[in-house]
Amino acid sequence: MQSFPSTYSNKRKKALLAVLDRLENDQHDKVPYFVFGDFNFRLDTHDVVKALTTSASGEYIKEDNDVVKVIFTENGNSGKVVLTLEKKKFEASEISPNKAKWLLQFDKEAGSFSEHFLEHEKSFAPSYPYSEDMNQGENYMQTRVPSWCDRVFYSKSANESLIMTNDNQAEYEVIGADVCMGDHKPVYLHFSLANSKDFENQDIVWRKFNNLSPIFKETAV
């Protein structure tokens, strides 16, 4: 199992940095921007597995001297299987949309872009990989480590135009949490932007960059 960052993570980083370079350093006037969509970001799988199996022992099943399956069983007398790994299979008893926010501490790829953009605090579960069964749309497929692939980011200059008051909070959520939307859940960021008159209103409470909770803070939830 590869350590973080993987080869694929480095390729994603290189590609996105090339896009950001065009946005920030071309000959046109600089304006606030938002970037959003499926970034295909993955968690630090090595550390996720380590966290899940701290109190477990692994059974390695081989075929023709190649490991084809690993079953991690909780130490002691319970016999509980905490994790099963196979090709295109990741079955963990402690991961579901209702108990997956603790995985935030392993969401590290966005940290590579902290000099370029920000993200509103995530309160939703990883947006991928959800079941494509019409009757199981609220559950994950047990094929990969769940990840926050789908994101909305914005530049630091865009952050200065977001109005944040007690009565006007941004909302960052998934769409269709309990229905089948495909293997990805779409995400949205609902917010209010300031206009020229708002900048003259001294009563507005602005969320400045230096008061923003970093999106890259590794905090278990």
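In helix α1, the residues S9, R12, L16 and L20 are buried (buried means under 20% relative accessible area, exposed over 50% and partly exposed in between, with a 1.4 Å probe and protein chains only). Seen down the axis of α1, the buried residues fall within an arc of 65 degrees, so they line one face of the helix; the arc is that of the directions from the helix axis to the C-beta atoms. This is a predicted model, in which local features need pLDDT of at least 70 and side-chain atom pairs count only at pLDDT 80 or more, while totals for chains, interfaces and linings use all residues. Residues are numbered from 1 along each chain as its sequence is written, and side-chain values use heavy atoms, with hydrogens and water left out.

**Helix α1**

- Helices (H or I, at least four residues) and strands (E, at least two) are DSSP runs, numbered from the N terminus.
- K11, K14, R22 and N25 are exposed on the other side of α1.
- The buried residues of α1 pack against β6 (117-118), where contact means heavy atoms within 4.5 Å.
- The 19 residues of α1 (residues 7-25) should span 27 Å at 1.5 Å a residue, and the end C-alpha atoms are 27 Å apart, which agrees; the expected span is 1.5 Å times one less than the number of residues.

- Four strands form an open antiparallel sheet in the order β2-β3-β4-β5; two strands pair if DSSP finds at least two bridges between them.
- Its edge strands are β2 (56-63) and β5 (89-92), each pairing on one side only.
- β4 (residues 81-86) pairs with β5 in the antiparallel sense over four bridges, and T84 stands opposite E91 in β5.
- Helix α2 lies across β4 and β5, at about 35 degrees to β5; axes are lines fitted to C-alpha atoms, for helices over the stretch in contact, and angles run from 0 to 180 degrees between N-to-C directions.

- D44 sits in the loop between β1 (34-38) and α2 (45-52), and counts as buried because its relative accessibility is 5%.
- The D44 side chain makes a polar contact with the side chain of K108 (2.8 Å); such a contact is a pair of N or O atoms within 3.5 Å, and within protein one must be able to donate a hydrogen and the other to accept it, with residues adjacent in sequence counting only if both atoms are side-chain atoms.
- R151, in strand β7 (residues 150-155), counts as buried because its relative accessibility is 0%.
- The R151 side chain makes a polar contact with the side chain of D107 (3.0 Å) and reaches the backbone oxygen of W148 at 2.8 Å.
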